[in-house]
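Here is a short note to read alongside the model. Keep the structure open and take the points in order.

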Amino acid sequence: MNITEAERDAVYKTIFSRRDVRREFKSDPIPQAVLERILLAAHHAPSVGFMQPWDFITIQSPITKSAIKKGFLQAHHESLEQFEGDRQNQYKRLKLEGIEEAPLGICVTCDRSRTGPVVLGRTTKPEMDLFSAVCAVQNLWLAARAENIGVGWVSIIHDNVVRNALKIPENIDIIAYLCVGYVDSFHSTPDLERAGWLPRRDVKSAIHHEYWQEPSFD
Ligand SMILES: Cc1cc2c(cc1C)N(C[C@H](O)[C@H](O)[C@H](O)COP(=O)(O)O)c1[nH]c(=O)[nH]c(=O)c1N2
């Protein structure tokens, strides 16, 4: 099955216009059929040894969201201390989550023992199962963008807060807490770039030929 030019262009359009969304979520619920398509796309991510270690917890309850938000605020406060001077002031002004505004939360987890202790492809790099779950997050993010749904990843929160709020057993790893909801539009550049936090690197500085070279940033 060949991909047509129009289909190829749609894939690139989706990739380049995907954004991390933290604000401007609309309260419209996500129809069940749409959510199922997005989660099916996530479930079709590549995984080491085909172990499919992920699970997806959907969160709609305001009480649960409020517990997550509380955890974010605590971790956000701690993070603030890591920056100094102007950078700290700039950090303070950033909006870094949409936990309560987004109609839906999705927590992606990883069961590292899902298919037993020995996994094809994980024997020399044990973290490959975690990376597989991140591949599921990326599929989810892109599928959501194709549905005109925004996704924001919140990692400024301690695992134990998410674990307690969502009753996640100790043997399950927490990969991502995602805020999910419709938005009217997607910004053409990342929020952090627009806020002057960091610019996008020139792709040329990321591509090396034959061997590693110190990237130049000019
Ligand atoms: C693993 C991981 C973890 C986080 C993020 C991303 C990833 C990959 N990002 C989003 C991040 O800031 C964003 O992707 C970059 O700024 C680039 O912007 P776009 O995603 O292209 O819009 C993110 N954003 C945010 O506001 N709060 C957060 O806690 C996090 N955490």
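1. Start with a term. Helices here are DSSP runs of H or I with at least four residues, and they are numbered from the N terminus. By that rule, L73 sits in helix α3. Keep in mind that this is a predicted model.

2. Stay with L73. Is L73 buried or partly exposed? A residue is buried if 20 or more other C-beta atoms lie within 10 Å of its own, exposed if 12 or fewer, and partly exposed in between. L73 has 14 C-beta neighbours inside 10 Å, so L73 counts as partly exposed. Now find D28, which lies 45 residues from L73 along the chain. The C-alpha atoms of L73 and D28 are separated by 25 Å.

3. Next, the record. UniProt lists residues 16–182 as "domain: Nitroreductase", in an unreviewed entry. In the model, the chain over residues 16–182 is 41% helix and 17% strand. The end C-alpha atoms of that stretch are 18 Å apart.

4. Look at helix α1. Helix α1 covers residues 5–17, which makes 13 residues. From first C-alpha to last, helix α1 reaches 18 Å, close to the 18 Å expected at 1.5 Å a residue. How many of the 13 residues of α1 are buried? The number is zero, so α1 lies largely in the open.

5. Turn to the nonpolar core. In soluble globular proteins, nonpolar side chains tend to be buried together. The largest nonpolar core in this model has 37 residues. Within this core, V108, L140 and V180 touch the most other members. Elements giving two or more residues to the core include the helices α2 (32–43), α3 (62–80) and α5 (128–146). The strands β1 (54–59) and β2 (104–110) are also among them. Which element gives the largest share of this core? Strand β4 does, with eight residues.

6. Zoom in on V108. Leaving out residues up to four places away in sequence, V108 touches W54, F56, A133, A136, V137, I175, A176 and L178.

7. Now take Y177. Y177 lies in strand β4. Y177 has 27 other C-beta atoms within 10 Å, so Y177 is buried. Residues up to four places away in sequence aside, Y177 touches I68, G105, C107, V154, I157 and V162. Compare Y177 with T109: the two are 68 residues apart in sequence, but 9.0 Å apart in space, C-alpha to C-alpha.

8. Check the backbone angles. Most residues other than glycine have a negative phi. Q52 is not a glycine, yet Q52 has a positive phi of about 45°. Where is Q52? Q52 is in the loop between α2 and β1. Q52 is partly exposed, with 19 other C-beta atoms within 10 Å. N148 is another non-glycine with a positive phi, of about 60°. N148 lies in the loop between α5 and β3. N148 has 13 C-beta neighbours inside 10 Å, so N148 counts as partly exposed.

9. Finish at the ligand. Which residues surround the ligand? They are R19, D20, R22, L96, E97, G152, W153, V154, S155, I156, P190 and L192. By type, the shell divides into six nonpolar, two polar and four charged residues. Strand β3 (residues 149–154) gives the largest share of the shell, three residues.

Definitions and conventions:
Residues are numbered from 1 along each chain as its sequence is written. This is a predicted model: local features need pLDDT of at least 70, side-chain atom pairs count only at pLDDT 80 or more; totals for chains, interfaces and linings use all residues. A residue is near a molecule or strand if its C-beta atom, placed from the backbone, lies within 6 Å of it. Ala, Val, Leu, Ile, Met, Phe, Trp, Tyr, Cys and Pro count as nonpolar, Asp, Glu, Lys and Arg as charged, and the others, Gly among them, as polar. The expected span of a helix is 1.5 Å times one less than its number of residues. A nonpolar core is a set of buried Ala, Val, Leu, Ile, Met, Phe, Trp, Tyr and Cys residues joined through C-beta atoms within 7 Å. Two residues are in contact if their C-beta atoms, placed from the backbone, lie within 7 Å. UniProt positions are given in the numbering used here, feature names are shortened, and annotations may be inferred rather than shown by experiment.
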